[in-house]
Amino acid sequence: MLKEGKEGYFEAALSDFAFDVAAGGAIRHLVDRGYSVGQIVKELDYPVPRARVEKAVYKYLTENGILVSELPIEESVKNMLRVHEMNSMNANEGNNFARQLYQYIEKNGVENSYLECPFGIWKKDNTKRLEAALACLSAREQDYIQGILWEPRIMYYRLTDRMQEISRKLVKTLPNYSEEEWKFYFLKTKEMICVRAIL
């Protein structure tokens, strides 16, 4: 029985190694280019089950700090962040919010800039809310969000080019008179922007 367990572990490790050699590098490269899981599956040279690609993408995102379950700062520092609030109407005057977001990322660097993401909670508890929130996105952007294996709690996604594009649309289409909000964290300057719907 013990031998079978060891053999099973060895086979799984060998399978993971072979997968990484055959597709791991390509998957990581395509993630860096902002491809969704669906796009990655189509781009690979040989067929790989979507579930396996999703796991590889999640592993890459979490191992590289692109997707985190806790912001990489002390809790005491998080509680001391300077908070800048704006409602969705102010955020959408011209390209005001896009300019502000760009300026904060310039000051902090992408590696210190995150969007708070409730997608895993919504996926588990309220799929209609998730669908409504993502309705403003293109099919490709929706696939990008839905292809991530979100944990059923708040997570934080680094403001890469793709997530900047998505977050600008999410802010722009906040439903009026709802309790929804989007939070952006900038760790170098110790600031947070909270965009709320108009109440």
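## The sheet

In this predicted model, 6 strands form an open sheet in the order β1-β4-β3-β5-β6-β2, with mixed pairing. Strands here are DSSP runs of E, at least two residues long, and helices are runs of H or I, at least four long, numbered from the N terminus. Two strands pair if DSSP finds at least two bridges between them. β1 (67-68) and β2 (82-87) are the edge strands, each pairing on one side only.

β3 (residues 113-117) and β5 (residues 181-186) run antiparallel and are joined by 3 bridges. S113 has F186 of β5 as its bridge partner.

## Helices on the sheet

Helix α6 (residues 96-108) packs on the sheet. It touches β2, β3, β5 and β6 (191-196), and its direction makes about 30 degrees with that of β5. Contact means heavy atoms within 4.5 Å.

Helix α10 lies across β3, β4 (155-158), β5 and β6. It runs at about 145 degrees to β5. Angles run from 0 to 180 degrees between N-to-C directions; axes are lines fitted to C-alpha atoms, for helices over the stretch in contact.

## The α9–α10 pair

The axes of α9 (residues 139-146) and α10 (residues 161-172) come within 11 Å and cross at roughly 110 degrees. That makes α9 roughly perpendicular to α10 (65 to 115 degrees).

From α9, R140, E141, Y144 and I145 make the contact; from α10, R162, M163, E165, I166 and K169. These residues divide into 4 nonpolar, no polar and 5 charged. Ala, Val, Leu, Ile, Met, Phe, Trp, Tyr, Cys and Pro count as nonpolar; Asp, Glu, Lys and Arg as charged; the others, Gly among them, as polar.

## Basis

Residues are numbered from 1 along each chain as its sequence is written. Local features need pLDDT of at least 70 and side-chain atom pairs 80 or more, while totals for chains, interfaces and linings use all residues; side-chain values use heavy atoms, leaving out hydrogens and water.

Notes:
Angles under 35 degrees count as roughly parallel, over 145 as roughly antiparallel, 65 to 115 as roughly perpendicular and the rest as oblique.
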